[in-house]
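Subject: Handing over the two-chain model

Hello,

Please find the structure below, and take a moment to look through it before you read on.

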Amino acid sequence: MGVLIDLAWTIGKILVLVIPLFIAVAYMTYAERKVIGWIQLRRGPNRVGYYGLLQPFADAAKLLMKEIVLPANANRFLFVIAPMMSIMPALAAWAVIPVSGGWVIAEINAGLLYVLAMASLGVYGIIVAGWASNSKYALLGALRAGAQVVSYEIAMGFALVGVLMAAGSLNLGDIVRAQEGPIWNWFWLPLLPIFLVYWISGVAETNRLPFDVAEGESEIVAGFHVEYSGMAFAVFFLAEYANMILISGLATIMFMGGWYSPFHGIPVIGADGLHWFLIKTAFFLFCYIWFRGTFPRFRYDQIMRLGWKVLIPVTVVWLVVESGMILATVPPWFD
Amino acid sequence: MIELIIFYVFAAVLLFSATMVITARNPVHAALFLVLTFFNSAALWLMAEAEFLGIALVLVYVGAVMVLFLFVVMMLDINVAPLREGFARYLPLGILVGVVMVAEMALVVGAEQLDVGLTLTGGGAADTGESNTRLIGSVLYTVYVYPFEIASLVLLVAIIAAIMLTLRRRPGTKHQDISQQVRVRKADRLRMVDLPSERRE
């Protein structure tokens, strides 16, 4: 009996996390179209509901009613399972994300490693989709995505080593607690180069502009999901946006003090809590859209060069600097 | 009780997918079954409270090595018939390798009984309540620091060797010199021309 209650309790917690996450994903697509619209001096969606607020639901309904086309000679099983393989890790990683003090589904000691492992699994959905579609555009997109994600994972992993050294723990909750205090106590300041490397590789890991060669409309139509339609396509879309929210949330936790208020110590506005986590995550999500509206797409060899020859050396050098700072117990971060 | 059931489920899936790795006709399927195998063994390690090893297995093998494997396999022209041909020919060698592996495993597992002085046995994390990752780190960088560094050197040599194999100069190919591209100034590429505007007729 006790086991069943535990199980129900866990499922309840998962639902409390996942349902707002899906709503956030839906409104992320809306926000993206609105912000891109404003950047390009357009209005964005404004027909369905007030200010177009019901647009995401209209889109979802449209996609649900569309037929899922199975291409001839596609590998049926892998073709169908690929979207699931891409959304599963995007959702599973949220199990260890502490959204507020103690508000986490699974407080595990190797949380940072777990998140990195889940982030690296997302590429399987893309690769399998590209191969199973039996289409040259899809395969090219999949190969590009695979090479890109594997390359940037190294830079990202090194960046996480910096966070791990600063916090002295792999537990995401402890990492946030190590940053307790106002804005200059957070890790973005001593780890500024690593923070930038993490953020750039995060954008590259999610295959978003300016690193979206996996899709590259002008070169390979739509890349790995060119053969997908209806709900199968929508699942890829959901996974991409869930991954964006995940990367933003992680940036908040590791470098921007998680749920701590930037005005820590001052009454009222200094109150810590969930709202600060959400505000910071929303800021990073806005950056994603901002980049998309601003930067042209990188050429493929430039992406590889940036990852291997710029980001990784910068991280390694800063790890040495950081070790020096830790040995010198530089306040207020390392004392 | 529930833990035992979960263990057997993971173990069964592990054995099934490991068998499928060598019997699946399609190499891509075989590679994906290998991914599933790694995943299940990682889950078994997690159940044995070796969370660092379990997650590292997923991170390194599933997240990186198998992606590159799939990469190569997907580029192959999959022709099933010739793949089956060598089975009988390689069977004796396969059996030999299998026997050696079983013997080695027996030695490792039986080392405790043989008392060869291995100090690393026994579930340390559960006893001291300390994080598994921290324990592995503290042993790896103190007691075993020389083997660890030597292993990393061997890997470095392998990386350099692999890169050397691909590093050849082919005459006649075009490639961009990035440093030259970066050093370009506006004056090199842009010429301002003052065109007089046309008169209205």
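A term that you will need throughout is relative accessible area: a residue counts as buried under 20%, as exposed over 50% and as partly exposed in between, with a 1.4 Å probe and protein chains only. Please keep in mind that this is a predicted model, in which local features need pLDDT of at least 70 and side-chain atom pairs count only at pLDDT 80 or more, while totals for chains, interfaces and linings use all residues. Residues are numbered from 1 along each chain as its sequence is written, chains are lettered from A and ligands numbered from 1 in the order in which they are written, and side-chain values use heavy atoms, with hydrogens and water left out.

**Chain B on its own**

Chain B has 11 helices and zero strands, where helices (H or I, at least four residues) and strands (E, at least two) are DSSP runs numbered from the N terminus. Of its 201 residues, 19% count as buried. If we take contact to mean heavy atoms within 4.5 Å, then among the contacts in chain B between residues at least 6 apart in sequence, 56% join residues at least 24 apart.

**Where the two chains meet**

How many residues does each chain give to the contact? There are 29 from chain B and 27 from chain A. Together the chains bury about 2400 Å², 78% of it on carbon and sulfur atoms; buried area here is the accessible area (1.4 Å probe) that two parts lose on being put together, summed over both. On the side of chain B, Ile55(B), Leu59(B) and Met74(B) lose the most area to chain A, together 25% of what that side buries.

The rule finds three residue pairs in polar contact across this interface (both at pLDDT 80 or more), but zero salt bridges, a salt bridge being a side-chain nitrogen of Lys or Arg within 4 Å of a carboxyl oxygen of Asp or Glu. The elements that give two or more residues to the side of chain B that touches chain A are helix H2 (27-47), helix H3 (51-75), helix H8 (132-140) and helix H10 (178-183) of chain B, and H3(B) gives the most, with 15 residues.

**Salt bridges in chain A**

Over all chains, a search of the whole structure finds eight salt bridges. In one of them, the side chains of Arg292(A) and Glu32(A) meet at 2.8 Å, N to O. Arg292(A) lies in helix H10 (residues 274-294) of chain A and Glu32(A) in helix H1 (residues 2-39) of chain A, so this pair ties together parts that are 260 residues apart in sequence. Glu32(A) is buried, with a relative accessible area of 3%, whereas Arg292(A) is partly exposed at 35%. Both residues also belong to a network of salt bridges that links Glu32(A), Arg208(A), Glu240(A) and Arg292(A).

Another salt bridge joins the side chains of Arg33(A) and Asp59(A) at 2.9 Å, N to O. This pair links distant parts of the chain, with Arg33(A) in helix H1 of chain A and Asp59(A) in helix H2 (residues 55-65) of chain A, 26 residues apart. The side chains of Arg299(A) and Asp301(A) also meet in a salt bridge, at 2.7 Å, N to O. Arg299(A) has a relative accessibility of 32%, which means that it counts as partly exposed, and Asp301(A) is partly exposed as well, with a relative accessible area of 31%.

Best wishes

How values were computed:
Polar contact = N/O pair within 3.5 Å; in protein donor to acceptor, adjacent residues only side chain to side chain.
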